[in-house]
Amino acid sequence: MLLRAERSGDKKSIFAVNEAAFATDAEARLVDMLRSDGDLYFSYVAAENSAIIGHIALSPMDVIADGQPIKALGLGPVAITPKRQLEGIGSQLVHAAINWAQANEWRLIILLGNPAYYKRFGFSVEDAKPFASPFSSPYFQALWLDAPAQKPQSGRVEYAPAFGRL
């Protein structure tokens, strides 16, 4: 299996993977909208024998913490074809996304997902609690990439505009 950046000819396969991995095509359409808006900052695939079997995306977020802007990304969707789920492919893609974000000096990643799954990567519901968001829920999580000296007391997050158009 090869992890690599999305290529121009991958769009249909990425759509198909996201469509197959979720109950509706909303996530697949979201990726297309992020790409069209220029907000698909990180789009990686897992490929095997030239077939795409997984995909992950990072998009920019507007984040304010204690009155200061924070360089932040939203993680998601993460999609693996149903026949290949539970093989660790998603974990490899999440690690690749985190490593890319760190290497490019992003400070924070926000996501909506299962805390039992994402805590293994360092994501925390507690770290997301100070941030007001229409997506706030028990699945709203954050990962600080630079371990701030003091965690913020309040803030807000806004996903890329495509999320609001779904």
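Is Y118 buried or exposed? I find that Y118 is buried, with a relative accessible area of 10%, where buried means under 20%, exposed over 50% and partly exposed in between, using a 1.4 Å probe and protein chains only.

I note that this is a predicted model, in which local features need pLDDT of at least 70 and side-chain atom pairs count only at pLDDT 80 or more, while totals for chains, interfaces and linings use all residues. Residues are numbered from 1 along each chain as its sequence is written, and side-chain values use heavy atoms, with hydrogens and water left out.

Aromatic pairs. My search of the whole structure gave 10 aromatic pairs, a pair being rings of Phe, Tyr or Trp (its six-membered ring) with centres within 6.5 Å, stacked if the planes are under 30 degrees apart, edge-to-face if over 60 and tilted otherwise. Y117 and Y118 are edge-to-face because their ring centres lie 4.8 Å apart with the planes at 85 degrees. Y118 also pairs with F121 in a tilted arrangement, at 6.1 Å centre to centre and 50 degrees between the planes. I looked up Y117 as well, and at 24% relative accessibility it counts as partly exposed, whereas Y118 and F121 are both buried. Y117, Y118, F121 and F123 form one aromatic cluster.

Strand residue. I110 is found in strand β5, residues 108-112 (strands are DSSP runs of E, at least two residues, numbered from the N terminus). I110 counts as buried, at 0% relative accessibility. I also noted that the C-alpha atoms of I110 and S124 are separated by 9.4 Å, the two residues being 14 apart along the chain.

Definitions and conventions: Helices (H or I, at least four residues) and strands (E, at least two) are DSSP runs, numbered from the N terminus.
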